Amino acid sequence: MTAAPLRYFAYGSNLNAGGLLRWCRSTNRPNALPRRGTPAFLPNTAVVFPQYSIFRGGGVLGWRKRVGYALPGALFEITESGLATLDLKEGTPEVYRWKITGVLLPEGSSARAVVYNLPSTRPSVPVPPAFGYLGIVVAGLKGYGHSVIRLLAAAQGTDDAQNVPLFCSGTLMLGEALHGVMCSLGAWFLGDAEAHGLLAGLGDFPGFQPGGGQIIRGQLFEFSGPGAALYLLDRLEGFHDFGVPQSLCWRGLLCAQACGGNCMAWAYIIVQGEGPVIESGDWRNRKKSDRAGGKR
């Protein structure tokens, strides 16, 4: 049996291809990541600077769990020898340690990957990073088209208000059956939006799958407290958490198009249930024939 290929998720200095290559050459090691990665996100996590590094002259990156946030980075194919090189660079296991966990791709799919983190990511006071180190990470993130707003806020020891919005295409929309739940969670309407995918009628609610040929019409919402709101919506939608099987839906990321341009957004993606395709791509403009379907 052929072993599954190793994947690695980078979110810090290893996103900077030039910096990584220089380090590999200085230690007489082959390039650990010779091929460009794919933009990806670590779900329900936020970036922090919890620990001082003598080598970097300031705080270095780690991450901590935070529901509703998504840590940007890139997903790479990596060999066993490449992982050994990264272990050496990251000071494993004394400084950084790694585990295999789920990461999300922008089109709604997911993958399992090696992710490094510091043993302690909850300092009482964040450690400001050195300007040079921060610049390396900023350049790496921008090279993959990611925003650096949250990174810069963490570097300053502050939080930012830039939450990942939620793309709704069914009963949570304005005027629909479960929109009262959104109101009770303090959601505010950002505007109409569209995403590529497939929308099926499952009786009293639709099932959304990204990446199809349809244009799905929905709405974008944001929450002042996304962690608490998404925790409750996850349970309403039958999502048991990342990596936990037997969910009705799971919460993935997709690219939504709105009047202000494109943005990454959460969306609940159907796992269980089949039904007729809603040809209009709009739950609010469905035909009677679209309404029959699978079981919740």
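Okay, let's start with Ser81, which sits in helix H2; helices here are DSSP runs of H or I with at least four residues, strands are E runs of at least two, and both are numbered from the N terminus. Before I go on, this is a predicted model, where local features need pLDDT of at least 70 and side-chain atom pairs count only at pLDDT 80 or more, while totals for chains, interfaces and linings use all residues. Residues are numbered from 1 along each chain as its sequence is written, and side-chain values use heavy atoms, with hydrogens and water left out.

So, is Ser81 buried, exposed or partly exposed? Its relative accessibility is 47%, so Ser81 counts as partly exposed. The cut-offs are under 20% relative accessible area for buried, over 50% for exposed and partly exposed in between, using a 1.4 Å probe and protein chains only. Ser81 also has Asn31 at 9.8 Å, C-alpha to C-alpha, although 50 residues separate them in sequence.

Now the rest of H2. Its buried residues are Gly82, Leu83, Thr85, Leu86, Lys89 and Glu90. Viewed down the axis of H2, these buried residues fall within an arc of 155°, so they line one face of the helix. That arc is taken from the directions from the helix axis to the C-beta atoms.

H1 covers residues 17-26, H2 covers residues 80-90, and the two pack at an angle of about 90° with their axes 11 Å apart. The axes are lines fitted to C-alpha atoms, for helices over the stretch in contact, and the angles run from 0 to 180 degrees between N-to-C directions. H1 and H2 are therefore roughly perpendicular to each other; the ranges are under 35 degrees for roughly parallel, over 145 for roughly antiparallel, 65 to 115 for roughly perpendicular, and oblique for the rest. On the H1 side the contact (heavy atoms within 4.5 Å) involves Leu20, Trp23 and Cys24, and on the H2 side Thr85, Leu86, Leu88 and Lys89. Those contact residues divide into five nonpolar, one polar and one charged. Here Ala, Val, Leu, Ile, Met, Phe, Trp, Tyr, Cys and Pro count as nonpolar, Asp, Glu, Lys and Arg as charged, and the others, Gly among them, as polar.

What comes just after H2? Gly91 does, with a positive phi of about 65°. In the loop between H2 and E4 we find Pro93, and a cis peptide bond joins Thr92 to Pro93, with omega at about 5°.

Two asparagines are worth a look as well. Asn28 lies in the loop between H1 and strand E2 (38-53) and has a positive phi near 60°. Asn28 is exposed, at 74% relative accessible area. Asn44 has a positive phi of about 55° without being a glycine, but Asn44 is found in strand E2 and is buried, at 7%.

Speaking of E2, twelve of its 16 residues are buried. E2 pairs with E3 in the antiparallel sense over 13 bridges, where pairing needs DSSP to find at least two bridges between the strands. Pro43 stands opposite Ala70 in E3. How many residues lie between E2 and E3 in their hairpin? Four, and Gly57 in that turn has a positive phi of about 75°.
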